[in-house]
Amino acid sequence: MTTPPTTGPVADARTLGLAHYAARGVLEHVLARHGSTFQQQIVLRAALTTDAPRTADELVALVRGFLKADPADIRATLDELLANHLLDADGAHLRPTDAGRELLATVGAETAPVSARIWGGIPAEDLAAAGRVLALVTERADAELAALTV
């Protein structure tokens, strides 16, 4: 049986990592112009995109699920966002401030044309296949990580 030729590299951990860091590098470049970091943006976005305000513990758990980061580092990021007035405490809950919302909107507007150039022209069926593969890889990696930390 003959294997059909491919037009590019086969998806594996290395190609996934290279794609992630290339795209993240673009985002980090834009964030740096605004004095922000990747982790700050992830935490701020998590606070902004929830249906209801979350407590610090809830945000730490949510972001830890995304980034697999140390909870102490995420708490330090929360403190930075509070100190920079990008998050505000409303009792036990944390809410993005107008400045936090503005930062995310500005970064989104600045990265939109770059994202369009990066993702533009990729056929919808390729994006759908990549999405399915990446979701499966994420699910499996999360399960492996959970087994390692038991």
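Once its neighbours within four places in sequence are set aside, L78 is in contact (heavy atoms within 4.5 Å) with V43, A56, L59, V60, L87 and L94. The structure is a predicted model, in which local features need pLDDT of at least 70, side-chain atom pairs count only at pLDDT 80 or more, and totals for chains, interfaces and linings use all residues. Residues are numbered from 1 along each chain as its sequence is written, and side-chain values use heavy atoms, with hydrogens and water left out.

L78 is also, with L44 and L87, among the residues that have the most contacts inside the largest nonpolar core, a set of 22 residues; such a core consists of buried Ala, Val, Leu, Ile, Met, Phe, Trp, Tyr and Cys residues joined through side-chain atoms within 4.5 Å. The elements that contribute two or more residues to this core are α1, α2, α3 (56-67), α4 (71-83) and α5, and α2 gives the most, with six residues. Helices (H or I, at least four residues) and strands (E, at least two) are DSSP runs, numbered from the N terminus.

## Helix α5

G100, L103, L104, V107 and T111 of α5 are buried, where buried means under 20% relative accessible area, exposed over 50% and partly exposed in between (1.4 Å probe, protein chains only). The buried residues of α5 pack against α1 (13-33) and α2 (38-48). P113, by contrast, is partly exposed, with a relative accessible area of 41%. Just after α5, G121 takes a positive phi of about 80°.

## Backbone and ring details

Most residues other than glycine have a negative phi.

R24 lies over the face of F38, at 3.8 Å from the ring centre; the criterion is NZ of Lys or CZ of Arg within 6 Å of the ring centre and within 35 degrees of the ring normal.
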